[in-house]
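This report is meant for a reader who is meeting the structure for the first time. Please keep the sequence and the 3D view at hand while reading.

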Amino acid sequence: KDPGAERCEGPWGSERPTFRRSCPTTMKCISRSQIFVHGFLHLSRLFTTFPRKIVKNIVLGIDIGGTNTVCGLVEKSGNILFKEQIPTFGHEPADGLVNRIKEKTNSHLGDQSAGELTGIGVGAPNGNQYNGVIQSPPNLGWGHVDIVSLLRKKFNCDVLLTNDANAAALGEKYFGIAKDMKDFITITLGTGLGSGIFSGGNILY
């Protein structure tokens with residue numbers, strides 16, 4: 001029993017005693033259940049004073065070219081968190097490029113403590129969006145490469161592939177100059193030449 005507490009009648013009579021204490025936040029008789037609620041409210045305030053960690057979903061965009069490959073981490077809003085260009089080395093096996101992209105991405109993801117990689121989008125010459133295979137691109141010496149499987153195994157997340165010109169057209173449609181256009185063509189000029197076509201608001205595959 002608390003020697004500093006005075007017994008008094010509670011709302012249930014003498015069978016459910018309450019106690020009065022000299023407490024600046026408790027001026028009247030309080031029951032044990034009220035004590036619990038009172039403490040819980042203080043505890044809730046304590047937790048809400050700490051900043052909450054908000055995890056952002058970010059994706060990795062990869063543009064594979066005959067000479068260079070550009071990769072970057074992007075938020076849903078289109079905000080680019082990180083971008084880097086590395087040589088493709090198209091005369092070497094494709095898994096070498098995947099390993100180098102992994103190294104670059106890991107070094108940056110270590111600094112993005114509030115971000116989680118949820119997916120990868122790849123634009124590549126002769127990229128087949130239906131089977132995830134880059135099919136004998138003329139500016140790369142890879143033959144047929146299942147780039148989706150290579151990246152999924154390395155990063156353990158969802159991966160989508162399309163050809164690089166279509167990827168550029170999609171970027172212009174959703175984040176660039178073609179937002180309000182239904183019919184347009186995007187021409188890509190690099191080691192190779194490509195085009196992405198929108199007609200009636202839909203991309204043509």
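## Terms and basis

A residue is called buried when its relative accessible area is under 20%, exposed when that area is over 50%, and partly exposed in between, as judged with a 1.4 Å probe and protein chains only. This is a predicted model, in which local features need pLDDT of at least 70 and side-chain atom pairs count only at pLDDT 80 or more, while totals for chains, interfaces and linings use all residues. Residues are numbered from 1 along each chain as its sequence is written, and side-chain values use heavy atoms, with hydrogens and water left out.

## Overall make-up

The protein contains 4 helices and 13 strands, where helices (H or I, at least four residues) and strands (E, at least two) are DSSP runs numbered from the N terminus. Of its 205 residues, 33% are buried. The accessible surface comes to about 13,300 Å², and carbon and sulfur atoms hold 55% of this surface; such areas come from the Shrake-Rupley method with a 1.4 Å probe, and for residues only the protein chains shown count as cover.

A contact means heavy atoms within 4.5 Å. Among the contacts with a separation of 6 or more, 47% are between residues 24 or more positions apart.

The buried residues of α2 are A94, L97, V98, I101, T105 and H108. They lie on the same side of α2, because they cover an arc of only 100° around the axis, the arc being that of the directions from the helix axis to the C-beta atoms. An α-helix has 3.6 residues a turn, so residues three or four places apart point the same way.

The cover over the buried residues of α2 includes β3 (56-64), β4 (68-75), β5 (80-87), β9 (144-145) and α3 (147-155). On the other side of α2, E103 and S107 are exposed.

The structure holds 1 salt bridge, a term for a side-chain nitrogen of Lys or Arg within 4 Å of a carboxyl oxygen of Asp or Glu. K104 forms this salt bridge with E84, and their closest N and O atoms are 2.9 Å apart. Because K104 lies in helix α2 and E84 in strand β5, the pair ties together parts that are 20 residues apart in sequence. K104 is partly exposed at 31% relative accessible area, and E84 is also partly exposed, at 26%.

## Two residues with positive phi

F89, in the loop between β5 and α2, has a positive phi of about 55° although it is not a glycine. With a relative accessible area of 36%, F89 is partly exposed.

S136, in the loop between β8 (133-135) and β9, is a residue other than glycine whose phi is positive, near 40°. S136 counts as partly exposed at 39% relative accessibility.

## A nonpolar surface patch

I185, I187, L189, L193, I197 and L204 form a nonpolar patch on the surface, with about 650 Å² of accessible area together. Patches are made of residues with over 30% relative accessible area and no salt bridge, like charges being joined within 9 Å and nonpolar side chains (Val, Leu, Ile, Met, Phe, Trp, Tyr) within 5 Å.

Strands β11 (184-189) and β12 (193-199) each supply at least two residues of the patch, and β11 gives the most, with 3 residues. I185 is found in strand β11 and counts as exposed at 54% relative accessibility.
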